[in-house]
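Grab your viewer and try each one before reading on.

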Amino acid sequence: MPTPRILVLYAHPAPHRSRINRRLADAARALDGVLVHDLYETYPDFFIDVAREQSLLAQAELVVFLHPIRWYSMPSLLKEWVDSVLQPGWAYGPGATALRGKGYWLAVTTGSPEDAYGPGERHGRPFEAFLPPFEQTALLCGMHWWPPHILHGANGAGDAAVEAHVATFRARLEAFLLTTPKETTDGA
Ligand SMILES: Cc1cc2nc3c(=O)[nH]c(=O)nc-3n(C[C@H](O)[C@H](O)[C@H](O)COP(=O)(O)O)c2cc1C
């Protein structure tokens with residue numbers, strides 16, 4: 001199999017109960033050129049193989065974080081992944097070039113509808129106000145921030161909305177795969 005150009009880091013703490021993210025992961029998995037890396041399946045003990053993860057990252061041109069929003073942020077295993085894998089001198093800081101120029105795409109779902117995110121509403125501020133830690137992490141590593149792919153109100157979303165969301169996700173990945181490959185480092 002050719003080296004996958006897209007690495008999808010799929011992090012769902014309860015995948016058997018997922019309605020949306022599981023569909024998105026399946027759609028990505030069906031595409032040649034995409035590696036869907038299921039973090040909760042791979043690391044049930046949270047003990048992350050840093051060298052392996054860095055090697056996977058180095059090969060990819062586009063890195064996708066695919067997960068449900070948990071407490072306004074990412075699931076805990078993905079946070080552990082970020083803490084362990086994005087090391088100084090490799091991912092960021094003087095001399096770090098491993099991730100420079102790669103794309104970073106956040107694909108997330110929220111349980112609450114979009115209108116629950118705003119001043120005076122349940123979550124107090126727009127959903128975008130919770131995104132800077134994601135964006136700045138990508139920028140610190142020299143990555144290109146793609147506009148996030150978000151489905152709000154995931155638990156109550158109708159079938160048509162889910163279909164459309166999955167189709168848009170797949171189409172964006174396909175469009176990327178049609179672009180000319182960039183050179184990547186072998187990382188490790
Ligand atoms: C522990 C926990 C924390 C959650 N935190 C949030 C949150 O901060 N904001 C929100 O809108 N939904 C929150 N949710 C709801 C999930 O984001 C939602 O169930 C999920 O996106 C649905 O996607 P799925 O069908 O793939 O599981 C939370 C759910 C759990 C279990």
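**Exercise 1. How many aromatic pairs does the ring rule give, and how is one of them classified?**

Start with the count: twelve aromatic pairs, where rings of Phe, Tyr and Trp (its six-membered ring) pair if their centres lie within 6.5 Å, and planes under 30 degrees apart count as stacked, over 60 as edge-to-face and the rest as tilted. This is a predicted model, so local features need pLDDT of at least 70 and side-chain atom pairs count only at pLDDT 80 or more, while totals for chains, interfaces and linings use all residues. Residues are numbered from 1 along each chain as its sequence is written, and side-chain values use heavy atoms, with hydrogens and water left out.

Now take Trp105 and Trp146: their ring centres are 5.5 Å apart and their planes sit at 50°, so the pair is tilted. Trp105 is in strand β4 and Trp146 in the loop between β5 (144-145) and β6 (149-151), so the pair links distant parts of the chain, 41 residues apart (helices, H or I, of at least four residues and strands, E, of at least two are DSSP runs, numbered from the N terminus). Both Trp105 and Trp146 are buried (under 20% relative accessible area, with exposed over 50% and partly exposed in between, using a 1.4 Å probe and protein chains only).

**Exercise 2. Which residues form one aromatic cluster with Phe127 and Phe130?**

The cluster also takes in Trp71, Tyr72 and Tyr117. Zoom in on Phe127 and Phe130: this pair is tilted, at 6.4 Å centre to centre and 45° between the planes. Then check burial: Phe127 has 2% relative accessibility and counts as buried, and Phe130, at 16%, counts as buried too.

**Exercise 3. Which residues have the most contacts inside the largest nonpolar core?**

A nonpolar core is a set of buried Ala, Val, Leu, Ile, Met, Phe, Trp, Tyr and Cys residues joined through side-chain atoms within 4.5 Å. The largest one has 35 residues, and Leu39, Leu57, Phe65, Trp81, Leu86 and Leu99 have the most contacts inside it. Elements giving two or more residues to this core include β1 (6-10), α3 (50-59) and α4 (76-85). The largest share, five residues, comes from α4.

Follow up with Leu57. Leaving aside neighbours within four places in sequence, Leu57 is in contact (heavy atoms within 4.5 Å) with residues including Leu7, Trp81, Val85 and Lys102.

**Exercise 4. At what angle do α3 and α4 pack?**

Two packed helices are described by the angle between their axes and the distance between the axes. Here the angle is about 90°, with the axes 10 Å apart. That makes α3 roughly perpendicular to α4.

Who makes the contact? It's Val50, Glu53, Gln54 and Leu57 of α3, with Trp81, Ser84 and Val85 of α4. Among the buried residues of α4 are Trp81, Ser84 and Val85.

**Exercise 5. Is His37 buried or exposed?**

First, locate His37: strand β2 (residues 34-38). With a relative accessible area of 5%, His37 is buried. Leaving aside neighbours within four places in sequence, His37 is in contact with residues including Leu7, Tyr10, Arg52 and Glu53.

For another case, Gly89 is found in the loop between α4 and β4. At 43% relative accessibility, Gly89 counts as partly exposed.

Technical notes:
Axes fitted to C-alpha atoms, helices over the stretch in contact; angles between N-to-C directions. Parallel < 35°, antiparallel > 145°, perpendicular 65-115°, else oblique.
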